[in-house]
Amino acid sequence: MSQKREAAIVGIHEYPSRDVEGEFSPLQIKADSAAKALADAGLNWSDVDAIYDAGEGGGMTGLTIAEYFGLNPTVINTTGVGGSSYEFHAAQAKRDIASGKANVALLTYGSTAHSNAFAIGVGARGGAGAHPADNMDGFAGMTLVSNYAMVAHRHMHQYGTTPEQLAEISIATRLHAMRNPDAVKAMEDLEFLDIRETTIDDVVNSRMIADPLHLLECCMISDGGGAVVIASPEVARNCKKPPVWILGTGEATKYPQGGADITVSAGAQSAPIAFGEAGITPAEIDIAMIYDSFSITVLTLLEDLGFCKKGEGGDWVSGGRLRFDRPGDGPALNTDGGGLSSNHPGMRGIFLLIEAARQLRGESTSQVDGASLAVAHGNGGMLGSRHAAGTVILGRD
Amino acid sequence: MADDKNKEKKVPTRPLPKTNELDTQAFWQATKDKAFRYQQCDTCDTVVFYPRRHCTGCTSGTLNWKTASGKGTVYTYSIVRQSYHPFFRNLVPYAVAWVDLEEGPRVLSNIVGVDDPISEVKIGQSVELEWEEHEEVSIPLFRPV
């Protein structure tokens, strides 16, 4: 392969608990995850010279998180673009390492969305905000779920996509979740009513939350967090685990505009940049870690990533194509169980990198034999209005 | 309806915009006269919405305020079945929609004036503005024609 290998994921940790019962703070989850990810790499706090933080710990986060960790980093990056922040961080860490400004980059995430009873999907969104866009939109009572549902309706209208096709995404991720003990425990701790593999009928017969999206097409709201350590090739060579190379990255945003096609996400802009840099095509990807806030998110992003043409996603996902045990058909989707069935504390992007790295190390609970190329695609903000997209292509040695 | 509710204490009301937000205050000011205003550049003709001070299409243009006819089309919608918002939880099921005005702006609003939003709201439906009056502003909602 002709790719440049300028930076690699060398350490990962996913905080196992999805319900900390108010006994741990987001900062504690971040620090615990950071220590374990550094240990996973065989590194120490003192090796870190670059930190990346989405700001979930509060204001002035670049300053306060360095002190909390006890670090003196010389690269401080506080890009906060919602759930896609961590794909942006990975992209920026790669650039910082390639330019010689950093050797060991630390990405962390911590959230107690569940313990705080934070109703992400159907909560009291709306009202006046500081941003002019919020001041125009806030009166309409748009929940987060209905924002994504509007993309689904339009997708169905333009392309004939069906609820049964969207349900394929939910049942594939649930299949993978049932094989992941942490995901099963998450569903138990969050008191899911019926913890088992699901069928298309289960999904389309579950309660409607915002037409056309049903309950089983919506992600969970958990506590959780994690950490990722990214290092230079020189550092990576001496780490404990095999390197997972960052081969290509892309970043983009999208927002409402008169005449724009809502079924096309910012991923249509970020993905070709990432695939182009990596010098590969979507057909070569073994593992697709795609932000599954909702079923429609995945369907839209699969198309925008180029796995199939725009509008053909419904047909393409049908028949269980996304399962981990169907190699050769296309990539396995969200083999940890995803946000739908394993872990969604509000900004899931870091878990996309973590599970992609597990797969390329051979450590997944739904391991795809010989997995060598993965894509992690984060979508932050809201798919049906303003959002950011970060695409990261990963490969093993 | 919302006006009546406003008069009773402790009855939750629709969240209303700030009338002193500097980019959007002129828009909301005009709603008192039931005018839906948007901006267009006098140099490059770019339609700007939501309102801003600067043209997003060129660096030298001045934005002029125009008044929309109020005619539009439902671009897409969802029916909210569940909301924890103290006002909206009592309105479910209700329709949230992106409406394309014939002059170009795409507006987030509600489709009202239907008995059953689940069966009566459709993509591509023709709609027109209907104002919900409040003390300081009017809220632009849409009703099927």
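**Packing and chain contacts**

Leaving aside residues up to four places away in sequence, L394(A) touches V244(A), W245(A), I246(A), L247(A), A356(A), A357(A), L360(A), A374(A) and A376(A). The model described here is predicted.

**Nonpolar cores**

- The largest nonpolar core has 147 residues, and L394(A) is among those that touch the most other members.
- In soluble globular proteins, nonpolar side chains tend to be buried together.

**Where chain A touches chain B**

- Contacts between the two chains involve 32 residues of chain A and 37 residues of chain B.
- On the side of chain A that touches chain B, at least two residues come from each of α4 (132–137), α5 (144–159) and β5 (208–210) of chain A.
- With six residues, α5(A) provides the largest share of that side.
- Sorted by class, this side of chain A comprises 17 nonpolar, twelve polar and three charged residues.

**Chain B**

- Chain B contains three helices and eight strands.
- Read from the N terminus, the elements of chain B follow the order α-α-β-β-β-β-β-β-α-β-β.
- Along the principal axes, the C-alpha atoms of chain B fill a box of roughly 50 × 35 × 25 Å.
- Chain B has 145 residues, of which 35% count as buried.
- Of the contacts in chain B between residues at least 6 apart in sequence, 51% link residues at least 24 apart.

Technical notes
Residues numbered from 1 in each chain as written. Chains lettered and ligands numbered in written order. Predicted model: local features only at pLDDT ≥ 70, side-chain atom pairs only at ≥ 80, totals over all residues. Core = buried A, V, L, I, M, F, W, Y, C linked by C-beta atoms within 7 Å. Buried ≥ 20, exposed ≤ 12 C-beta atoms within 10 Å, placed from the backbone. Contact = placed C-beta atoms within 7 Å. Helix = DSSP H or I, 4+ residues; strand = E, 2+ residues; numbered from the N terminus. Nonpolar A, V, L, I, M, F, W, Y, C, P; charged D, E, K, R; others polar.
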